[in-house]
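The sequence and structure come first.

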Amino acid sequence: MTDHTFRAAGYAWRLYAGPQVIEQSLTEAVTRAGAKRAFVVCSPSVNRRTDIVRRIEATIGDRYAGVYDGIEKDSTYASVLAAKNAAAEGSATC
């Protein structure tokens with residue numbers, strides 16, 4: 001008889017939705033994460049065609065470390081690595 005083992009792990013997450021959810025909940029979420037400097041990672045269209053990044057910056061103020069808007073479709077390894085490097089340069093903590 002073969003011994004089969006299995007292990008799974010998950011991460012706690014929260015989902016927020018609503019027209020003013022950034023303004024109402026983001027500061028609390030950043031605080032809960034222990035971030036002193038939060039960095040936004042998104043696609044070019046999110047940054048250039050919406051006001052989401054500007055709303056985030058306005059909401060968290062000096063805790064905003066910057067944005068990397070070069071995430072490619074399907075989050076390619078190269079674009080994720082570039083985002084990681086940009087976050088490190090921006091002194092992001094979370």
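**Basis of the description**

Helices (H or I, at least four residues) and strands (E, at least two) are DSSP runs, numbered from the N terminus. The model is predicted, so local features need pLDDT of at least 70 and side-chain atom pairs count only at pLDDT 80 or more, while totals for chains, interfaces and linings use all residues. Residues are numbered from 1 along each chain as its sequence is written, and side-chain values use heavy atoms, with hydrogens and water left out.

**Salt bridges**

A salt bridge is a side-chain nitrogen of Lys or Arg within 4 Å of a carboxyl oxygen of Asp or Glu. By this rule there are four salt bridges. One of them joins arginine 55 to glutamate 23, with the closest N and O atoms 2.7 Å apart. This pair links distant parts of the chain, as arginine 55 is in helix 3 and glutamate 23 in helix 1, 32 residues apart. Arginine 55 is buried because its relative accessible area is 19%, whereas glutamate 23, at 33%, is partly exposed.

Arginine 32 forms a salt bridge with glutamate 28, and here the closest N and O atoms are 3.0 Å apart. These two residues are four apart in helix 1, so about one helical turn separates them. Both values fall in the partly exposed range: 37% for arginine 32 and 49% for glutamate 28.

**The largest pocket**

On a 1 Å grid over the protein atoms alone, a cavity is a set of points where a 1.4 Å probe fits but cannot get out; a pocket is an open set with protein on both sides within 12 Å along at least five of seven lines, and lining residues have an atom within 4 Å of a point. Grid points are joined across faces, edges and corners, and a volume is the space filled by probe spheres set on the points.

The largest pocket holds about 460 Å³. Its lining has 15 residues, with Leu26, Ala29, Val30, Ala38 and Ile56 nearest the centre. Helix 1 (21-32), strand 1 (38-41) and helix 3 (52-60) each supply at least two lining residues, and helix 1 gives the most, six. The lining divides into 14 nonpolar residues, one polar and no charged. In this scheme Ala, Val, Leu, Ile, Met, Phe, Trp, Tyr, Cys and Pro are nonpolar, Asp, Glu, Lys and Arg are charged, and the others, Gly among them, are polar.

**Strands 1 and 2**

Two strands pair if DSSP finds at least two bridges between them. Strand 1 and strand 2 run parallel and are joined by four bridges. Valine 40 stands opposite valine 67 in strand 2. Strand 2 (residues 64-68) is mostly covered, with four of its five residues buried.

Glutamate 72 is in the loop between strand 2 and helix 4 and is partly exposed, at 41%. Aspartate 74 is in the loop between strand 2 and helix 4. Its phi is positive, about 65°, although it is not a glycine. Aspartate 74 forms a salt bridge with lysine 73, the closest N and O atoms being 3.4 Å apart; both residues are exposed.

Serine 79 lies in helix 4 (residues 77-89) and is buried, at 2%. Contact means heavy atoms within 4.5 Å. Leaving aside neighbours within four places in sequence, serine 79 is in contact with Tyr68, Gly70, Ile71 and Glu72. Serine 91, in the segment after helix 4, has a positive phi near 60°.

How values were computed
Buried means under 20% relative accessible area, exposed over 50%, partly exposed in between (1.4 Å probe, protein chains only).
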